[in-house]
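I opened this entry to note, step by step, what I looked up in the model and what I found there.

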Amino acid sequence: MRHPRRACPLLFFLILILSGYRVAAQTPAPLPDIPLPDIKEQIETMMKAYAVEGLAVVVVRDQETLLSSGLGVQADGTPYTSDTPNGAYSATKALSSFVYASLVEEGLLDLDAPIGQLLDDAPAAWADIPFWRLLNHTSGITMIVNRPEFEHLEADPTTGNAEIYRILRPHPLDYAPGKASRYRQSGYAVAEMILEQQLGQTWPALVEDHLTGPAGATATVHAQLASGARTTPLIASAGGYQTTADDMAALFRALNAGQVVAPAFLEDLLYRDAYTVNGYSLGSILDVIDGVRTLGHQGGGARATVRYVPSRRVGVAVFTHETANYGLALHVADLLVRAFALGQQPKLPISAPLLEMRTAPASDIVAFYEAASAQPDPAYDFTQAEWILNQLGYLALSDGRIDDAITVFSLNVRAHPGSANVHDSLGEAYFEQGDLDRAHSSYRRALELDPSSVHAQTMIERINKQRQEGGGP
């Protein structure tokens with residue numbers, strides 16, 4: 001029998017107050033009314049520009065579901081609805097971060113406990129690794145999903161995380177704990193195994209107790225376990241969950257009501273410097289927008305994104321089944337967060353009109369962009385400008401239109417001179433053209449801006465070698 005979520009004790013509120021929090025701070029400040037028809041119209045305009053036929057979208061503020069809807073159609077032509085199942089992919093980790101925060105708040109998990117204290121047979125190299133490093137990709141434990149043994153684990157529905165642990169424990173760490181951050185699922189497998197041993201519950205049971213149960217979100221399940229394709233959880237906290245728009249609305253309402261975890265506690269926990277590396281913390285990607293902290297995760301090649309704003313009690317989720325979506329779910333989510341958590345009047349992202357020009361001559365793209373960005377009060381949101389210009393440049397490069405690619409990448413360099421990535425992209429186009437001098441100059445600038453860029457350093461060495469040999473690309 002699942003236990004109901006316990007109310008926060010008085011001590012917890014005293015801790016919040018002593019930490020600088022106030023209960024009143026949990027009440028969102030009044031924000032301008034953003035007409036929902038205008039929002040839906042902008043989303044539909046973006047869908048057309050991004051060539052995406054269907055998606056699900058959710059916006060919740062406090063206990064009000066502002067939007068829980070399907071737009072367009074699915075791949076088979078049936079309408080997208082608010083109860084269409086959607087894969088969360090790696091955005092599953094956002095849901096997992098809520099569960100982990102709930103476990104910590106209830107005193108069921110000590111994030112600072114070392115693995116050697118939690119596992120009797122932990123390898124010596126793992127002994128001092130704190131639990132939290134398993135969740136932010138800094139443990140150094142080697143990758144599992146690229147090993148041949150993992151294919152056998154996936155194929156056998158009865159194998160679980162204990163088998164992953166058995167495979168990994170003899171292998172040396174890839175790096176000293178905390179010395180690097182490499183995105184991988186191994187830590188999540190070990191964390192799940194530890195929790196099952198310590199608490200006597202599988203990960204899906206913990207999700208039901210601490211997230212979906214309190215929210216009444218019955219359609220949010222691990223797809224393979226729910227279908228019977230698997231009988232044993234295998235890295236279920238890192239991916240594989242599916243949900244619906246209506247379920248996500250229920251989850252956000254439960255979060256806002258403190259039925260999962262107190263929003264202030266969640267924000268404080270995930271934003272603690274000790275648990276954060278490169279904007280990643282305990283299963284969540286952190287993003288501060290105009291001074292407001294947000295958290296969440298994306299997955300499936302931008303097919304899914306979950307964003308939560310604890311201080312404003314605003315939750316946003318966007319899902320699509322389409323892989324070639326140019327990041328539409330991420331850009332729609334950003335628009336919705338800005339509109340309903342920050343009160344900003346929504347502007348169409350510059351990516352929308354530029355994507356409609358993706359086959360146009362580069363000179364037309366440059367003329368449009370420069371005219372649009374020169375306006376005193378631009379009609380478009382330029383948040384995604386660097387990203388979309390890079391996309392257009394690579395589209396031209398993949399089509400063999402190298403001169404057009406150089407023109408667009410050069411525009412991006414002028415617009416974002418401090419970005420190492422745009423200089424790297426321009427260097428790639430010059431290299432393809434055979435202009436080694438300009439390619440070298442671009443890569444050198446990329447390396448100056450980002451000394452850790454392995455790609456820029458490798459290309460500089462390659463160009464130097466070709467110069468010595470007198471050859472082309």
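This is a predicted model: local features need pLDDT of at least 70, side-chain atom pairs count only at pLDDT 80 or more; totals for chains, interfaces and linings use all residues.

I began with the open sheet of 8 strands, whose order I wrote down as β2-β1-β11-β10-β9-β8-β7-β6, with antiparallel pairing.

I then looked at how β7 and β8 are joined, and found 2 bridges between strand β7 (residues 280-281) and strand β8 (residues 284-289), which run antiparallel. For Y280 I looked up the bridge partner in β8, and that partner is I285.

Helix α11 (residues 263-270) lies across β6, β7, β8, β9 (292-299) and β10, and its angle to β9 is about 75 degrees.

I turned to an open sheet of 3 strands, in the order β3-β5-β4, where the pairing is again given as antiparallel. Here β3 (86-87) and β4 (221-222) are the edge strands, and because each has a single partner strand, one side of each is left without a neighbour in the sheet. Between β4 and strand β5 (residues 241-243) I found 2 bridges in the antiparallel sense, and the bridge partner of V221 in β5 is Q242.

Returning to L111, and leaving aside residues up to four places away in sequence, I listed what L111 touches: V104, P130, F131, W132, L135, L269, Y275 and L282.

Last, I took the protein as a whole, which has 19 helices and 13 strands. Its radius of gyration is 24 Å, which agrees with a compact globule, because 473 residues packed in that way would have a value near 23 Å. The C-alpha trace spans about 70 × 55 × 50 Å along its principal axes, and buried residues make up 53% of the 473 residues. Of the contacts between residues at least 6 apart in sequence, I noted that 67% join residues at least 24 apart. The accessible surface comes to about 20,200 Å², and 51% of that surface belongs to carbon and sulfur atoms.

Definitions and conventions: Residues are numbered from 1 along each chain as its sequence is written. Side-chain values use heavy atoms; hydrogens and water are left out. Contact means heavy atoms within 4.5 Å. Two strands pair if DSSP finds at least two bridges between them. Helices (H or I, at least four residues) and strands (E, at least two) are DSSP runs, numbered from the N terminus. The radius of gyration is taken over C-alpha atoms; the globule rule is 2.2 Å times the number of residues to the power 0.38. Buried means under 20% relative accessible area, exposed over 50%, partly exposed in between (1.4 Å probe, protein chains only). Accessible areas come from the Shrake-Rupley method with a 1.4 Å probe; for residues, only the protein chains shown count as cover. Axes are lines fitted to C-alpha atoms, for helices over the stretch in contact, and angles run from 0 to 180 degrees between N-to-C directions.
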